[in-house]
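Subject: Structure handover

Hello,

Here is the structure we spoke about. Please load it first, then read the notes below.

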Amino acid sequence: MIKIFIFAFLYALAHGVQVADVVLSCSFIEEGGGMTGALFKRSPATMVLRDLPMNSDLSPETITPYVPPDTPNADDLIFEVTASSVEIPDAEFLLHADCNEQEVVCELSHYIPRGSKPDSVPTYFIASVQLEGGGVSFTLVLQTMADENAESSTASLMQSKLQLPLSQWGTLITDAVFVVFSRSPSIAVPIGEDTVLNCGYRQRDTPTEQNVGLEWRWQYKGHGKTILNMKETDAGTFAVEVNRDGASANSTLLISDGNASLTMDKLKVTDEGTYICTITSGPFQTQQIVQLNILQPPKVFFSENKIKFQDESPQRLTCHCQRYYPLDVTVEWFSQLSSETESLSLTEGVSLSSHRQHSDGTFSLSSFLIVRPSEHPPGTVFTCRVSHVALQTPSDITLTVVTPEPDQLAGEYYWMILVTLVLSIMFLYQASR
């Protein structure tokens, strides 16, 4: 996890649109190390996103401007990106990350477009930016550019690791040429609902033959399968393969608006997992990950309608939590006398059933509480509190100990006396024989 420090310089273009420079602390990732070469090396890097259009009405006085290094250093990895070439939707979320106490993960690495060779010119890089805790997530393809403002004295300065020429400020000048993004990289949806997994792309130059392709793939706990595969044919139509009922994507919107979102109907527990949106357009192919969580709140209720002690025998209360997902649920018991303001947490006499899983993948659980009349007089209120990730606040249900009605008590005493009398007569009869 990389802690991000974001600085931005906000200003207005001639036509009044606000733009900002956003600076991200990143890691540059390279293969290498270890006996098999499967390990990766990370080097500190910086990415400066220039001229990001912003919808927020922000004051320039609240933004810290980016200041290039006074002295260019060939060892520094500073990627200066012209981000205005392609739209990055909701990019202003990056400006609010610090205030919202969010972390931004930024990773850079080499990228080879389809049909290109590793040593081809220009050089390409790929940048992945993820805003944790909500907000946009995107992957950029960067293309190196010549610095037209470079002075002859600094034009020969080469970056030591990449062996690429740097600008007069010691930055590597690049242009964003392709971006795949998701406005909602993590969502939670109840069972039975319909949902849309957001994914889209933008491209600086639209090639004559795009050959646009879209693949949505699902992965969960070591299992995976392709949900949808959409490929543009030479005739300009799309060949579509769908492996999940109720899943679809719009090929018209894919071409016209860059909308690659996946629609899914009537979600089930088995739909939960990681969805990988892979978009191919011309020489570029990148992806975004969307996490789909299934959340189903429990239905909470008592088996009993009321509590009424007829004698000194203890009673058992049953609090049911039915058909929730995911598994973890917490049940707590409290008691409170009507004359008291604070409730008392109960731990003695509490037990739990085992989890029961239903055919739809949801779970149920019951919690039991043994109550005694000597400890809980009439007016005592019992609360069963259930906490679950699908509940914004815990769910409370209550039962109150009521006083038995006098007529009912008299009737019960009558039957007790009658039974005692009958038993006594039977005993005397047996003893006289």
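A residue counts as buried when its relative accessible area is under 20%. C199 has a relative accessible area of 1%, so C199 is buried. Please keep in mind that this is a predicted model.

Disulfides

How many disulfides does the structure hold? There are three. Counting bonded cysteines along the chain, the pattern is 1-2, 3-4, 5-6. I take them in turn.

C26 and C106 are joined by a disulfide, with 2.0 Å from S to S. The angle about the S-S bond is 75°, and the link of C26 and C106 is right-handed. C26 sits in strand β2, residues 18-31. C106 sits in strand β5, residues 104-111. The pair therefore ties together parts that are 80 residues apart in sequence. Both C26 and C106 are buried.

C199 is joined to C277, with 2.1 Å from S to S. This link of C199 and C277 is left-handed, at -80° about the S-S bond. C277 belongs to strand β17, residues 273-281, while C199 lies in the loop between β10 (195-197) and β11 (200-203). So this pair connects parts that are 78 residues apart in sequence. C199 is buried, as noted above. Is C277 buried or exposed? C277 has 0% relative accessibility, so C277 counts as buried.

C319 is joined to C384, with 2.0 Å from S to S. Which hand does the link of C319 and C384 have? With -80° about the S-S bond, the link is left-handed. C319 lies in strand β21, and C384 lies in strand β27, residues 380-387. The pair thus ties together parts that are 65 residues apart in sequence. C319 is buried, because its relative accessible area is 0%. C384 is also at 0% relative accessibility and counts as buried.

C321 is in no disulfide. What is the nearest cysteine sulfur to C321, and how far away is it? It is that of C319, 4.9 Å away. C321 is buried, with a relative accessible area of 0%.

Aromatic rings

The structure holds 10 aromatic pairs. One of them is formed by Y324 and F363. Their ring centres are 6.5 Å apart, with 35° between the planes. Why is the pair of Y324 and F363 tilted? Planes under 30 degrees apart count as stacked and those over 60 as edge-to-face, so 35° falls in the tilted class. Y324 lies in strand β21, residues 315-324, and F363 in strand β26, residues 363-371. The pair therefore ties together parts that are 39 residues apart in sequence. Y324 and F363 are both buried.

Which residues form one aromatic cluster? They are Y124, F178, Y201 and F284.

A charge over a ring

R316 lies over the face of F368. The distance from the ring centre is 4.3 Å.

Places to look

For strand β21, start with C319 and Y324. C319 carries the disulfide to C384, and Y324 carries the aromatic pair with F363. Then turn to C26 and C106, the right-handed link.

Best wishes

Key:
Residues numbered from 1 in each chain as written. Predicted model: local features only at pLDDT ≥ 70, side-chain atom pairs only at ≥ 80, totals over all residues. Heavy atoms only, no water. Phe/Tyr/Trp six-rings, centres within 6.5 Å; stacked < 30°, edge-to-face > 60°. Helix = DSSP H or I, 4+ residues; strand = E, 2+ residues; numbered from the N terminus. Buried < 20%, exposed > 50% of the residue type's maximum accessible area, 1.4 Å probe, protein only. Lys NZ or Arg CZ within 6 Å of the ring centre and 35° of its normal. Disulfide = S-S within 2.5 Å.
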